[in-house]
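Please view the sequence and the structure together while reading.

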Amino acid sequence: MIRLLHTADWHLGKRLKQQSLLEEQQLFLDWLISCCLEKEIDYLLMAGDLFDVANPPQDAEQMYYSFLARLGKETNTKIIITGGNHDSIGAVNGIRPLAAAWNVVLVGEPFPEDPSQECFPLTNRNGEVEAVVAATPFLREKDFRLPEGFEGDIEQRIAEAHRIHYHRLADHCIQHFPSLCHVAMGHLFADKSISSDSERQVGTMHGLPLDIFPDSFAYVALGHIHKPQSPQENRMIYAGSPNMLSFSETEYAKRVVVVEVSASEISQIESVPIPVFRKLYDWTGTFEEIQAKIDQFEPPQGLTPWIKINVREEKIQGNECANLLEMIQKAQQDWNGKAYVLDHSLQFTGSSNAGTPTAGSVSIDSISPSTIFAETLRQENYEHWETLNQLFQGLVDELQQSEGGEA
Ligand SMILES: [Mn+2]
């Protein structure tokens, strides 16, 4: 029997509105070590987006190295990490010579010409090979091996390149490990997946067809999409990101997936919830509704919760910007450091506004000149912004009266 833990999209070093997520990322890694111990994990499969950026900050790198060292010392878990679209090949592959000594396999880039370099036999506790994993990282254009004269648009090219790549790996596994359980890893946007707003698009609008994975793969450990989901039940699974990476991820729980292989077959798939280390709140409503939420709010335990406030009013009165800032300031005073408003937006939904408002953003033609002016002053942190704002408002009023029009 072999027990795998499938995770992805750590995005170490990620910042949300300039705030570092390192604290909750560290708590996740600590939790992950205890999870590997408790669940007796043989292999940890991390399906891409290890870091958030190509040149990760030093503190994020150190956190990652310490994790590898601790996992190696405190558990019997081996680890296989593939690169995602956020990862540079160098950031993943850089410590390969050292990593091998720690039972860490790093695959920063694929081997389109040589499947043997991308396939790794997995041994059980008795030292017998019981499964094999095709550890495929994110495929870039340079990795595509399309047949000469292949015609098709960009979506078809990407799909065909993936199909060819995975079929080659499947053939290799069938030839060299015929009676074992075959597992694939992938960092891609699969058809029927629901994204959040923290992934970066990878060339396909509609998602890759699921048949890029040959039937011989009994389990496909996917990364890229941050919301946990299964494009194909019990077989193609996105573990999801372990920490909330954006305010669009507040509605669902985070998890890792524990996959058990017995007698060369997948015998069990278990979704293990990850504790919420920092709560994120995304509040949308009128001034009155938001104020009610603020009044009722009791900051939870754990790291300081972060809140996004989206005020939506139908009509513009002109003083909304100042009111919003005042409301936020007062709330934060009352919370006394126990909660923090990280982001806010103002939106007007009245009939005079063209188009549909987008959540979390301010459509420029739906805001009065005075609101834009006030917001600009605020962002510039201008000292006398209130006085300036009043003067500007006076000018706008004068202009409107002389034009005989309305705002
Ligand atoms: Mn990602």
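Predicted model: local features only at pLDDT ≥ 70, side-chain atom pairs only at ≥ 80, totals over all residues.

Glu288, Asp295 and Gln296 are exposed residues carried on the face of helix 6 that is turned away from its buried side.

Which residues of helix 6 are buried? Within this helix, which spans residues 287-296, they are Phe287, Ile290 and Ile294. These three lie on the same side of helix 6 because they cover an arc of only 70 degrees around the axis. Buried here denotes a relative accessible area under 20%, and exposed denotes one over 50%.

The buried residues of helix 6 are covered by several elements of the chain. Among them are two strands, strand 15 (278-285) and strand 16 (303-313). The cover also includes helix 7 (320-335) and strand 17 (340-348).

The view may now be widened to the whole protein. Along the principal axes, the C-alpha atoms fill a box of roughly 85 × 55 × 35 Å. Of the 407 residues in the protein, 51% are buried. When contacts between residues at least 6 apart in sequence are considered, 69% join residues at least 24 apart.

The protein exposes about 19600 Å², of which carbon and sulfur atoms supply 48%.

Key:
Residues numbered from 1 in each chain as written. Heavy atoms only, no water. Buried < 20%, exposed > 50% of the residue type's maximum accessible area, 1.4 Å probe, protein only. Contact = heavy atoms within 4.5 Å. Areas by Shrake-Rupley, 256 points an atom, 1.4 Å probe, with all protein chains shown as cover. Helix = DSSP H or I, 4+ residues; strand = E, 2+ residues; numbered from the N terminus. Arc of directions from axis to C-beta.
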